Amino acid sequence: MMIAITRDVSASLADCQLSFVDRDAIDIERAAAQHHAYRQALESLGCRVLSLPAQDAMPDAVFVEDVALVFDEIAIMTRPGAESRRAEGASVSEVLARYRSLRAIEASGTIDGGDVLRVGRTIHVGQSARSNADGIQQLRALVAEFGYTVQGVPTHECLHLKSAVTQVADDTLLIQPEWVDRDVFAGYRLIEIDPDEPHAANALRIGSGVVYPACFPRTRQRMADAGIDVTAVDLSELQKAEGATTCCSLVFRDFSTA
Ligand code: CIR
């Protein structure tokens, strides 16, 4: 059984952090409806979805991916790079503590979960404005005993590593080569996004399927052509807050029901 931790959309989402997209009016009711459909997509792919109540004082709290890293062996509470987001983790850690032994990134390290892409025993970490060298070194030390290798990866013109590259099948990554060097991922089968859809590299893999924004039909077709089963969801309002599919959940295996 897979668990997906999510959190309802904050009424204050319009006050979110923005780095690489221009501020545009966000329809909160529509964002909440899209988030509901996203949760249903996770359920349709076999997740048990846990919904935390909205945190209206924290505009970006819907993006739960950034506050924790969940591995099979442990979970690590991150220290998000944006100071406004540092209080978001407390309620998530209460839930995660039921499933994993918890560790934490300490000051002055910073990591955003959106920068962390684990593929097998390799953990790629974006060297972005949100994740610093101290955070990456702390992560390396925390996971070494479990046999993971941690590799820093420079990113350009995007918020997080997973804005630029995500895993869509066992050996296959979806990549935006203008935002991350594709040579770093030369050992994998790579699907490039369609150049007309620059934000199209963020896909959420669950089991043998992928949850994916409806607004990138060309890249979706590339995945379909590669045999990948894609569930499309409309996330337009969350995308205005610079979030997309991976960032709205923390998905992990529940060993207590395995
Ligand atoms: C932020 O700038 O932190 C939020 N507005 C968006 C976070 C998106 N997180 C993610 O993709 N992992």
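How many bridges join strand 9 to strand 10, and in which direction do the two run relative to each other? Before selecting them, keep in mind that this is a predicted model, in which local features need pLDDT of at least 70 and side-chain atom pairs count only at pLDDT 80 or more, while totals for chains, interfaces and linings use all residues. Residues are numbered from 1 along each chain as its sequence is written, and side-chain values use heavy atoms, with hydrogens and water left out.

**The hairpin**

Select residues 165-169, which make up strand 9, and then residues 172-175, which make up strand 10; strands here are DSSP runs of E with at least two residues, helices are runs of H or I with at least four, and both are numbered from the N terminus. Four bridges join the two strands, which run antiparallel, and strands count as paired if DSSP finds at least two bridges between them. Two residues lie between strand 9 and strand 10, and the two strands form a hairpin. Within this pairing, Val165 stands opposite Ile175 of strand 10. Five of the five residues of strand 9 are buried, so the strand is largely enclosed by the rest of the structure; buried means under 20% relative accessible area, exposed means over 50%, and partly exposed covers what is in between, with a 1.4 Å probe and protein chains only.

Continue to Gln176, in the loop between strand 10 and strand 11 (189-192). Gln176 is buried, with a relative accessible area of 4%, and a polar atom of its side chain lies 3.1 Å from the backbone oxygen of Pro198. Such a polar contact is a pair of N or O atoms within 3.5 Å; within protein, one must be able to donate a hydrogen and the other to accept it, and residues adjacent in sequence count only if both atoms are side-chain atoms.

**The ligand**

Select the ligand next, and display the 14 residues around it, of which Gln17, Asp60, Glu65, Asp66 and Ala241 come nearest; a residue belongs to this group if one of its heavy atoms lies within 4 Å. A polar side-chain atom of Arg85 lies 2.8 Å from an oxygen atom of the ligand, and an N or O atom in the side chain of Arg130 is likewise 2.8 Å from a ligand oxygen atom. From the backbone of Ala241, a polar atom lies 2.7 Å from a nitrogen atom of the ligand. The protein covers 97% of the 350 Å² of accessible area that the ligand has on its own, as computed by the Shrake-Rupley method with a 1.4 Å probe.

**Backbone details in the loops**

At 18% relative accessibility, Glu242 counts as buried. Glu157, also not a glycine, has a positive phi of about 60° and is found in the loop between strand 8 (149-154) and helix 4 (161-164); with a relative accessible area of 53%, Glu157 is exposed.

Finally, select Ala107 and Ser108, where the peptide bond from the former to the latter is cis, with omega near 10°. Ser108 has its place in the loop between strand 5 (101-104) and strand 6 (116-119).
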